[in-house]
Amino acid sequence: GFFYVYLEIAAESGAVFTLEKTDDPAEYRFVYNNETDTDVFVNQNRLDDLLAYRDEVERGPVSTYDIIRSILEHYHKGTHFLTLLTEVNIVRRTPRRLVASILSGYTAFDHRANRWIFDQKREIEGFDKKKNRYLS
């Protein structure tokens, strides 16, 4: 029954809600206080761009690496992992473990000041097995 719950949420995306216990163990109360999480919020213009990119991806073989690279190219100063994961999942459903593996394995992706960036100059270096310090 969650589909109808989402219709009640006024937020475009990134809504923060809680489920509270009730006296009935099979029933929970839905509580939404008009909050959004900035790390997973996607504004309508960006969503339209990502949906157009999804159409492009569905027409031909595009690797998850290329999807991540394309999204990070949009964020010149980098972005948080949750923002990246959210946008990757709009383009193609992708497990967080795969996104983390790609980010931590390819030298073109770097983690600075709690943000992931894409460095086009290092893309030629490819995959580095030793670059896995972000996975635990």
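Which residues are buried in H4? In H4, the buried residues are Thr83, Leu84, Leu85, Thr86, Glu87, Val88, Asn89, Ile90 and Val91. Buried means under 20% relative accessible area, exposed means over 50%, and partly exposed lies in between (1.4 Å probe, protein chains only).

The model is predicted: local features need pLDDT of at least 70, side-chain atom pairs count only at pLDDT 80 or more, and totals for chains, interfaces and linings use all residues. Residues are numbered from 1 along each chain as its sequence is written, and side-chain values use heavy atoms, with hydrogens and water left out.

Start with the overall plan. The protein has five helices and four strands. Both kinds of element are DSSP runs, numbered from the N terminus: helices are H or I with at least four residues, strands are E with at least two. From the N terminus on, the order is α-β-β-α-α-α-α-β-β. Of the 136 residues, 33% count as buried. Among contacts with a separation of 6 or more, 47% come from residues 24 or more positions apart. Contact means heavy atoms within 4.5 Å.

Now return to H4. Nine of its 11 residues are buried, so H4 is largely enclosed by the rest of the structure. The cover over its buried residues includes helix H2 (44-59), helix H3 (64-74) and H5.

Take H5 next. Helix H4 (residues 81-91) packs against helix H5 (residues 96-105) at an angle of about 120°, with the axes 10 Å apart. Axes are lines fitted to C-alpha atoms, for helices over the stretch in contact, and angles run from 0 to 180 degrees between N-to-C directions. That angle makes H4 oblique to H5. Angles under 35 degrees count as roughly parallel, over 145 as roughly antiparallel, 65 to 115 as roughly perpendicular, and the rest as oblique. From H4, the contact uses Phe81, Leu84, Leu85 and Val88; from H5, it uses Arg96, Val99, Ala100 and Leu103. By class, this contact has seven nonpolar, no polar and one charged residues. Here Ala, Val, Leu, Ile, Met, Phe, Trp, Tyr, Cys and Pro count as nonpolar, Asp, Glu, Lys and Arg as charged, and the others, Gly among them, as polar. An α-helix has 3.6 residues a turn, so residues three or four places apart point the same way.

H2 and H3 form another pair. They pack at an angle of about 155°, with their axes 12 Å apart. That makes H2 roughly antiparallel to H3. Arg46, Leu50, Tyr53 and Val57 of H2 meet Asp66, Ile67, Ser70, Ile71 and His74 of H3. By class, the contact has five nonpolar, two polar and two charged residues.

Next come the rings. The whole structure holds four aromatic pairs. In one of them, the rings of phenylalanine 109 and phenylalanine 118 have centres 5.7 Å apart and planes at 50°, so the pair is tilted. Rings of Phe, Tyr and Trp (its six-membered ring) pair if their centres lie within 6.5 Å; planes under 30 degrees apart count as stacked, over 60 as edge-to-face and the rest as tilted. Phenylalanine 109 is buried at 0% relative accessibility, and phenylalanine 118 is buried at 13%. Ring pairs link Tyr65, Tyr106, Phe109 and Phe118 into a cluster.

Finish at arginine 122, in the segment after strand E4 (115-118). Arginine 122 is partly exposed, at 30% relative accessible area. Not counting residues up to four places away in sequence, it touches Thr107 and Ala108.
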